[in-house]
Amino acid sequence: NMQRVKPHELRNMDDNALVNELVKHRKELAQLRVSKVSQAPQMKLARIKLVRKAIAKILTVINQKRIDQSRKDNQKSKYTPRDLRLKRTKAFRKRLTKFERSRKTLRQQKQDNNYRQKEIRGCRVTEQ
């Protein structure tokens, strides 16, 4: 019987080794499912859960490595790709930028210009 897969050990492996490990575990899972149908002892049934968890851990490490690599590749670029940006909340992402908030239409600019505030001895008065 194999021991549990440990993520810190997986992180030290290179990509090819990880993929080979993944293939090995997937083959084992397929065999275990076949033996489950053909009335195998309970020991093998308990092993299915361990193998599934191992596959999940390997996939997680592969994804983390890919994300880290793409972060390094895009570090110097002007824009970071959408999937590497901070997720935060939907409301936060959809919020207008400072520049967009301060923009005005031509009509509004004219209106503001024609009826701007004037200061007379400390108190504001609207010019008309």
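Modeller: Among the elements of the protein chain, the lowest mean pLDDT, 70, belongs to strand S2 (residues 123-126), and the highest, 94, to helix H5 (residues 98-102). This is a predicted model, in which local features need pLDDT of at least 70 and side-chain atom pairs count only at pLDDT 80 or more, while totals for chains, interfaces and linings use all residues. Residues are numbered from 1 along each chain as its sequence is written, and side-chain values use heavy atoms, with hydrogens and water left out.

Biologist: What is the mean pLDDT of the protein chain, and what share of its residues reaches 70 or more?

Modeller: The pLDDT is the predictor's confidence in each residue, from 0 to 100. On that scale the protein chain has a mean of 88, and 92% of its residues reach 70 or more. Where pLDDT is low, the predicted coordinates should not be read in detail.

Biologist: How many helices and strands are there in the protein chain?

Modeller: Helices are DSSP runs of H or I with at least four residues, and strands are runs of E with at least two, numbered from the N terminus. By that rule the protein chain has six helices and two strands. Their order along the sequence is α-α-α-α-α-α-β-β.

Biologist: Why is the protein chain called more spread out than a compact globule?

Modeller: The radius of gyration is taken over C-alpha atoms, and the globule rule is 2.2 Å times the number of residues to the power 0.38. For 128 residues the rule gives 14 Å, whereas the protein chain has 30 Å, well over that value, so it is more spread out than a compact globule. The C-alpha trace spans about 95 × 35 × 25 Å along its principal axes.

Biologist: What makes serine 35 count as buried?

Modeller: Buried means under 20% relative accessible area, exposed over 50%, and partly exposed in between (1.4 Å probe, protein chains only). Serine 35 has 12% relative accessibility and therefore counts as buried. This residue lies in helix H2 (residues 15-37), and its side chain reaches the backbone oxygen of leucine 32 at 2.8 Å.

Biologist: Which residues of H2 are buried?

Modeller: They are Leu18, Glu21, Leu22, His25, Glu28, Leu29, Leu32 and Ser35. Over the 128 residues of the protein chain, 15% count as buried.

Biologist: What is the phi of arginine 88?

Modeller: Arginine 88 has a positive phi of about 50°, although it is not a glycine. Most residues other than glycine have a negative phi. Arginine 88 is found in the loop between H3 and helix H4 (90-94).

Biologist: Why is arginine 88 called exposed?

Modeller: Its relative accessible area is 53%, so arginine 88 falls in the exposed class. Arginine 95, in the loop between H4 and H5, is also exposed, at 52%. The C-alpha atoms of arginine 95 and valine 51, 44 residues apart in sequence, are 44 Å apart in space.

Biologist: What makes lysine 53 partly exposed?

Modeller: Lysine 53, found in helix H3 (residues 42-73), has a relative accessible area of 47% and is therefore partly exposed. Its C-alpha atom is separated by 8.9 Å from that of arginine 4, which is 49 residues away along the chain. Lysine 6, in the segment before helix H1 (7-12), is partly exposed at 37%. Lysine 6 and alanine 54 are 48 residues apart in sequence and 8.4 Å apart in space, C-alpha to C-alpha.

Biologist: Why does cysteine 123 count as partly exposed?

Modeller: Its relative accessibility is 41%, so cysteine 123 counts as partly exposed. The residue has its place in strand S2. From C-alpha to C-alpha, cysteine 123 and asparagine 20 are 77 Å apart in space and 103 residues apart in sequence.

Note on methods:
A polar contact is a pair of N or O atoms within 3.5 Å; within protein, one must be able to donate a hydrogen and the other to accept it, and residues adjacent in sequence count only if both atoms are side-chain atoms.
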